[in-house]
Amino acid sequence: MTRPRPCARRRWRPAIFALAALLPAALAAQDTTSGVRIGLTYTAGTRPGVYVAPVAGAFADSVRAMLSRDLDYGDRVTAITPDGGDPLTGALNYPLYARLGAQAVVQASVTPSGSLHVALHDIAAAKVSMVGDFPLPQTPLSPEWRLAVHGVSDEVERWVTGTRGIAQSRILFVRDKGLWIVDSDGANAKPIGIGGSTAVTALSPAWHPSGRYVAYCEMGDQGTRIVMKDLQTGRSQRISARPGSNLTPAFSPDGNTLAFAAGDDGTDIFAVNPFTGEQPHRVTVSRGQQDSSPTFSPDGQHIAFTSNRLGHPEVYIVDADGANVEVLTSTGFGDQLYRSNPDWSPDGRRVAFQSQINGVFQVMTINARDRSVQALTSEGRNEDPTWAPDGRHIVFTSTRSGAKQLWVLDTETYRMRQLTRVGSARQGAWSPRLDNAK
Amino acid sequence: MFVPRRSTAALLMAVVALSACKSKPAPAPAPAPAPAAPAKPAFNKDSADAAERARAAAAAAAAAAEEARRNAAALAAVKATLAKVVYFDYDKDEIRDDQKATLEAKVPILTSNPALRIRVAGHTDDRGSDEYNIALGQRRAASVKRYLAARGIADTRIETISFGEERPVASGENEEAWSQNRRAEFEIIGGGDSIKAPK
């Protein structure tokens, strides 16, 4: 029931690869076998098997498919969902599910009032371990309804693993010069009415930790500025229109500070409280060079950013008050000196960034403490990594399928999935968990 | 009998006109055209004058148009020189030696038009990071501004912005396209209505 600790990641990798090799076989078995499956083992202890039983009630198939897919995408459990079958009734045959490799069974039903009733069976203990009732919005299959079902998946994941899932989150990205949003499972990709033309191009979206505000770089014929939009009221507010360029906004974890890069002779990192109307103050001094792409450590005490102050782009770290600048990505990995776009993980341990290998960008992480580096991608051009709120998944831009698309990577198991299938997508920004937002 | 009588009347009128001219009893608006045989009726003189005036006006207009064309061509040349794009090396903001002439040609125009204000926009190719490239384009625009300031152009007359890699002029994943996109563009943002060509 525990996931591999990051420090032991290397030790686990062979097991994970073995599992990955088994997965196609498991999927094939799913396709061809109806009813009972036997003989599948799911590396108990690392990824518990969870059987999502057929759901009773209205829109049951959609609910079951979503729960199952969310658990699968969470990469902490192995979702077992054979096609077909009837909703479970009466007492469960616990030994049968144990033989199937399931350590838990999710039994759900949509009640006549439209809420989702969920029971979690602990197979080893042969009893119901958790029960919950989750109200769902009025309109089945609407984006709000789906978001609520994702929230149920996340709670089930917490029941099973102790850690809440991230299915109830969305990803902002840039498409056709405008901002788009997509659900964590790739559904409901749509523009959100910001930018979309050459006259008003929106770039570099950044979420406020509340999920209510988004800051972005607006580019028009007059250059660039930083704008913050309240997604609840629709009100927009200009945060910075300094002479020169204004780019790459990022909120602090407490939501009270917005950092960004600006300047007309080189760019420096500035910070401002976007809610008080105060003047931005300078954090870094690039002396005519370019500092950009700030990202806060989860305690808000440090900022990582890209700078070319030594002649080529590297990732640096500075105290939030501007003291103690030091280069983070200084070790001799890769063959080209171009590292940029840092994003600090929510658990504070790692900074994801992009680095050129043979002239092509790849996504990597560097350990904030011991500076050990890990390359996460190798196929196509991969860039702009952003952490999911679980500090484990990363969304990034990749050309591996042709045009730029967003992909999601689990940094523990290296499982990867394509998130967007629109014309092209880039600069993904993963929202916080949207448990309270609409 | 009808036709000769009419020509006689015309002749008579011409004689009257000539005698009037000879005795100068009243100021004639313009010298009468040389008498021709048959002489033109006097009442045509005004329209002839008008035609002459129109011819003169047309000639003057043509000359003015030619002058305007020359001025416009000169102005267009000045504007083209001012707008001529400067190119950069990959991930660099230094002004290349082969690009300095392009900037030098702009200096006399800016010097002889003190009211002229320009905006320099930096651009990049699409190989680097999207976000870093906005900062790189800004650095290129600033580099151009520094060059012109060092040649005596007040830096208050030069705005700098960047479009990063968002507004390419050439598409393609090759050096030819990339080299065209790594550039600084120039736009007049003030004093552009009365530009003089440098002396």
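User: Which residues of helix α3 (residues 100-112) of chain B are called buried, and what makes them so?

Analyst: In this predicted model, the buried residues of α3(B) are Thr102(B), Leu103(B), Lys106(B), Val107(B), Ile109(B) and Leu110(B). They carry that label because buried means under 20% relative accessible area, with exposed over 50% and partly exposed in between (1.4 Å probe, protein chains only). The helix itself is a DSSP run (H or I, at least four residues; strands are E, at least two), numbered from the N terminus. An α-helix has 3.6 residues a turn, so residues three or four places apart point the same way.

User: What do the buried residues of α3(B) pack against?

Analyst: They pack against α2 (45-83), β1 (86-87), β2 (117-123), α4 (130-150) and β4 (183-190) of chain B, where contact means heavy atoms within 4.5 Å.

User: Why is His312(A) called buried, and why is Gln222(A) called partly exposed?

Analyst: His312(A), in the loop between β18 (302-307) and β19 (314-319) of chain A, has a relative accessibility of 19%, and therefore counts as buried. Gln222(A), in the loop between β10 (213-220) and β11 (223-230) of chain A, has a relative accessible area of 49%, and is therefore partly exposed.

User: What makes the pairing of Gln222(A) with Arg119(B) a polar contact?

Analyst: Their side chains approach to 2.8 Å, and a polar contact is a pair of N or O atoms within 3.5 Å; within protein, one must be able to donate a hydrogen and the other to accept it, and residues adjacent in sequence count only if both atoms are side-chain atoms. Leaving aside neighbours within four places in sequence, Gln222(A) is in contact with Arg119(B) and also with Ile161(B). The side chain of His312(A) likewise makes a polar contact, with the side chain of Glu314(A) at 3.1 Å.

User: How do you know that Asp130(B) and Arg426(A) form a salt bridge?

Analyst: Their closest N and O atoms are 2.8 Å apart, and a salt bridge is a side-chain nitrogen of Lys or Arg within 4 Å of a carboxyl oxygen of Asp or Glu, so the pair qualifies. Across the interface of chain A and chain B the rule finds five salt bridges, together with 20 residue pairs in polar contact, both residues at pLDDT 80 or more.

User: On what conventions do these answers rest?

Analyst: Residues are numbered from 1 along each chain as its sequence is written, and chains are lettered from A and ligands numbered from 1 in the order in which they are written. Local features need pLDDT of at least 70, side-chain atom pairs count only at pLDDT 80 or more, and totals for chains, interfaces and linings use all residues, while side-chain values use heavy atoms, hydrogens and water being left out.
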